[in-house]
Amino acid sequence: MFAPGHLGELTRIVPFEMVDEVLAQTRALQRRVRLVPARVTVYLLLAAALFTGLGYLQVFDRLCTGLAGLAPVRPSGSALRQARQRLGAAPMKALFDLISGPAVTTAAAGWWRGLRVVAIDGTLLPIPDSAANLTVFTRQRLGNGISGYPQLRLAALVACGTR
């Protein structure tokens with residue numbers, strides 16, 4: 001798990017082979033050698049979801065912390081943004097579809113008196129202020145007007161049996 005090139009727990013849960021399979025399946029493999037390959041971009045986006053308060057450069061630095069001695073070249077923030085745009089949404093959706101589902105490993109875990117134990121949570125996320133988004137999403141009403149950006153209301157239902 002701590003061998004050079006591995007990213008600790010992240011590569012144990014989402015192994016390189018799984019990411020490569022998804023990239024091949026969605027035809028998102030890079031056509032030429034780049035500073036930020038598609039596989040690295042996938043792990044960057046996974047880690048960015050864990051470190052929501054950090055920018056791409058800081059997330060990249062955290063990913064590379066355990067790679068002492070390999071001295072990877074540090075890309076610019078613009079290069080990381082362009083890598084994310086090149087990757088697109090299809091590989092991340094395919095990876096989510098592949099690994100989502102209950103992680104309960106025993107029949108008794110995750111159940112209480114015959115019912116699945118779940119948690120529900122919700123939040124509001126601001127999204128870009130564009131004409132296309134405004135046709136689907138609305139701005140939140142405030143006491144003195146409306147908010148600056150349209151907002152997406154997100155609700156999640158999560159199985160709780162695995163702690």
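The points that follow concern a predicted model, and they take up its salt bridges, a pair of helices and a surface patch.

1. A search of the whole structure finds three salt bridges. One of them joins Asp 20 to Arg 39, with the closest N and O atoms 2.6 Å apart; because Asp 20 belongs to helix α2 (residues 16-25) and Arg 39 to helix α3, this pair ties together parts that are 19 residues apart in sequence. Asp 20 is partly exposed, at a relative accessible area of 26%, and Arg 39 is partly exposed as well, at 30%.

2. Asp 61 and Arg 74 also meet through their side chains in a salt bridge, at 2.9 Å from N to O. This pair links distant parts of the chain, 13 residues apart, with Asp 61 in helix α4 (residues 56-64) and Arg 74 in the loop between α4 and α5.

3. In the salt bridge between Lys 93 and Asp 97 the N to O distance is 3.0 Å, and both residues lie in helix α6 (residues 90-99), four residues apart, or about one turn of the helix. Lys 93 counts as exposed at 54% relative accessibility, whereas Asp 97 is partly exposed at 45%.

4. The axes of helix α3 (residues 38-50) and helix α5 (residues 77-87) come within 10 Å and cross at roughly 100 degrees, which means that α3 is roughly perpendicular to α5. The residues that meet include Leu 44 and Leu 45 in α3 and Leu 80 and Leu 87 in α5.

5. Val 118, Ile 120 and Leu 157 form a nonpolar surface patch, together having about 330 Å² of accessible area. Val 118, in strand β3 (residues 118-126), is partly exposed, with a relative accessible area of 42%.

Note on methods: Residues numbered from 1 in each chain as written. Predicted model: local features only at pLDDT ≥ 70, side-chain atom pairs only at ≥ 80, totals over all residues. Heavy atoms only, no water. Patch = residues over 30% accessible without salt bridge, like charges linked within 9 Å, V, L, I, M, F, W, Y side chains within 5 Å. Areas by Shrake-Rupley, 256 points an atom, 1.4 Å probe, with all protein chains shown as cover. Salt bridge = Lys/Arg side-chain N within 4 Å of Asp/Glu carboxyl O. Helix = DSSP H or I, 4+ residues; strand = E, 2+ residues; numbered from the N terminus. Buried < 20%, exposed > 50% of the residue type's maximum accessible area, 1.4 Å probe, protein only. Axes fitted to C-alpha atoms, helices over the stretch in contact; angles between N-to-C directions. Parallel < 35°, antiparallel > 145°, perpendicular 65-115°, else oblique. Contact = heavy atoms within 4.5 Å.
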